[in-house]
Amino acid sequence: MSEPRHAVVTGASSGIGAAIAARLLDEGWRITGISRTEPPSAERMSWLPVDLARPEVVRDALAPVAGVDAIVHAAGVQRSARLGGLSAADGELMWRVHVQAAEVLVDALADRIADGGRVVLVGSRTMTGVPGKSQYAATKAALAAMARSWAAELAPRAITVNVVAPGPTDTPMLRDPGRSATPPVVPPLGRLVRPEEVAGLTSFLLGPEGGSTTGQTLVICGGASL
């Protein structure tokens, strides 16, 4: 009997990250979850309590992780403000969690990813630019550039790298007071995206049928980008 595939999932304690971890666990994956707080499925996974807003601690925390088949960087935070009220601290926080943590995570594990493995970065439809979300949009746009660069570097090892970019998704982040300056808009399909739908798309990219998709940004937004 073959060993279960092993995925490292950040943000595993809440929202999209928790949904992805739960989906992969149900599909028989072995999960190493990374988050500040204990995941709801902690008893089913290995959990590393790491604050991804401090990327300098990530590399050491990953020391015991081995035999990686997939990496999913789903940890996120959102702060919003318009020009004239931008916070440099908020911008730095989002850059650290979204971009710098992804850099350290994938860089540290690159040599431990099995040939034919997968990397998925959770971006946002907001990456194309939304009033009041310039700092958040900039960090999510950076993920697409990194994914394409890494996809080209890792293609000789048949490792795919993609971005899943959700629109407004029904998660605790959507109700975070730090993003209250830009209330969510319900997409044309009449409801918010469900975290489980993002998990389903991620599962496809991590599975055998996702092996020819790399360097791409896949938007799942309920028609918000129309």
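Tutor: Contact means heavy atoms within 4.5 Å of each other. Helices (H or I, at least four residues) and strands (E, at least two) are DSSP runs, numbered from the N terminus. This is a predicted model, where local features need pLDDT of at least 70, side-chain atom pairs count only at pLDDT 80 or more, and totals for chains, interfaces and linings use all residues. Residues are numbered from 1 along each chain as its sequence is written, and side-chain values use heavy atoms, with hydrogens and water left out.

Student: How far apart are the end C-alpha atoms of helix H3?

Tutor: H3 covers residues 88-109, 22 residues. The expected span is 1.5 Å times one less than the number of residues, so H3 should span 32 Å. The model agrees, with the end C-alpha atoms separated by 30 Å.

Student: At which residue does H3 bend?

Tutor: A bend is the angle between axes fitted to the seven residues ending at a residue and the seven starting there. In H3 that angle is about 40°, at arginine 96.

Student: Is H3 roughly parallel or roughly antiparallel to H4?

Tutor: Axes are lines fitted to C-alpha atoms, for helices over the stretch in contact, with angles from 0 to 180 degrees between N-to-C directions. The H3 and H4 axes come within 9 Å and cross at roughly 15°. Angles under 35 degrees count as roughly parallel, over 145 as roughly antiparallel, 65 to 115 as roughly perpendicular and the rest as oblique. That makes the H3 and H4 pair roughly parallel.

Student: Which residues of H4 meet H3?

Tutor: On the H3 side, the residues include Ala88, Gly91, Met94 and Trp95. Their partners in H4 are Gln135, Tyr136, Ala138, Thr139, Lys140, Ala142, Leu143, Met146 and Trp150.

Student: Is alanine 199 buried or exposed?

Tutor: Alanine 199 lies in helix H5, residues 195-206. Buried means under 20% relative accessible area, exposed over 50%, partly exposed in between (1.4 Å probe, protein chains only). At 2%, alanine 199 is buried.

Student: Which residues does alanine 199 touch, not counting residues up to four places away in sequence?

Tutor: H5 packs against helix H1, residues 15-26, with axes that come within 8 Å and cross at roughly 55°. That makes H1 oblique to H5. Ala199 of H5 is one of the residues making the contact. Leaving out those up to four places away in sequence, alanine 199 touches Ala19, Ile20 and Arg23.

Student: What is the relative accessible area of threonine 160?

Tutor: Threonine 160 lies in strand E6, residues 160-166. The residues it touches include Gly117, Arg118, Val119 and Leu205. Threonine 160 is buried, and its relative accessible area is 4%.
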